[in-house]
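Hi everyone, thanks for making the time. Let me put the sequence and the model up, and then we'll walk through it together.

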Amino acid sequence: MGNNKKGNLGVGGITLLMSLAVLCVAVFAVLTMSTALADKRLSEKNAQLTRDYYTLDAKGVSLLDAVEKSCPPGAPDIDAAYAAAAAAANDAELTLGVEDGVLRLLCSLPAGEGRVFTIDATLAPSGANRWTIQRWTLDAAVFFSFDEGLPVMP
């Protein structure tokens, strides 16, 4: 009877397989941690952006309210409206004008980190719902220009 050792990996083969399995688990653990940290940073940035938006939204609502209170129904008084708007938005770029008896307000509130909160609204001379909002957005104030100096394809 011969001594047949077919199919037997031995101690060295099992050690090699276990080392490979431990290495795979360690790599996946590092990838999981880096993904979790990136998700945490993204969530914090998103939460800050949401806080900034709602802070600026409240400031915009108070600005429109101040202008509306300074303009009783009828023909708008541009001087009173501008004084009320300037007091409510002390650090904003502000433009007010009257076209066909309708007061138009354009306002850009700085939002930090290269962003600006833009309000474009018109105030009708009378009616229950006097404000008409054309634009109420938080945008990037810095526009990116792409470098086309390195051609990818000839």
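Predicted model: local features only at pLDDT ≥ 70, side-chain atom pairs only at ≥ 80, totals over all residues.

The largest nonpolar core has 22 residues, and the ones that touch the most other members are Val67, Leu105, Cys107, Leu109 and Ile119. Who contributes? At least two residues each come from α1, which is 10-70, α2, 78-88, β1, 93-99, β2, 102-112, and also β3 and β4. The largest share is from β2, with 5 residues. As a general point, nonpolar side chains in soluble globular proteins tend to be buried together.

Let's zoom in on valine 67. Which residues does valine 67 contact, if we skip its neighbours within four places in sequence? You get Ala81, Ala84 and Ala85, then Leu103 and Leu105, and finally Leu123 and Trp131.

Those three alanines are worth a look. Ala81, Ala84 and Ala85 are in α2, and they're buried. Why do they sit on the same side of α2? Because they cover an arc of only 95 degrees around the axis. The background here is that an α-helix has 3.6 residues a turn, so residues three or four places apart point the same way.

OK, on to the rings. There are 3 aromatic pairs in the count. One of them is tyrosine 53 with tyrosine 54, edge-to-face, with 5.2 Å centre to centre and 85 degrees between the planes. Are these two tyrosines buried or exposed? Tyrosine 53 is partly exposed, because its relative accessible area is 26%, while tyrosine 54, at 53%, is exposed.

Another pair is phenylalanine 117 with tryptophan 136, again edge-to-face, at 5.7 Å centre to centre and 85 degrees between the planes. This pair links distant parts of the chain: phenylalanine 117 sits in strand β3, residues 115-123, and tryptophan 136 in strand β4, residues 131-140, so they are 19 residues apart. Phenylalanine 117 is at 0% relative accessibility, so it counts as buried. Tryptophan 136 has a relative accessible area of 19%, and the cut-off for buried is under 20%, so tryptophan 136 is buried too.

And here's how the rings come together: ring pairs link Tyr53, Tyr54, Phe117 and Trp136 into a cluster.

How values were computed:
Residues numbered from 1 in each chain as written. Heavy atoms only, no water. Phe/Tyr/Trp six-rings, centres within 6.5 Å; stacked < 30°, edge-to-face > 60°. Buried < 20%, exposed > 50% of the residue type's maximum accessible area, 1.4 Å probe, protein only. Helix = DSSP H or I, 4+ residues; strand = E, 2+ residues; numbered from the N terminus. Core = buried A, V, L, I, M, F, W, Y, C linked by side-chain atoms within 4.5 Å. Contact = heavy atoms within 4.5 Å. Arc of directions from axis to C-beta.
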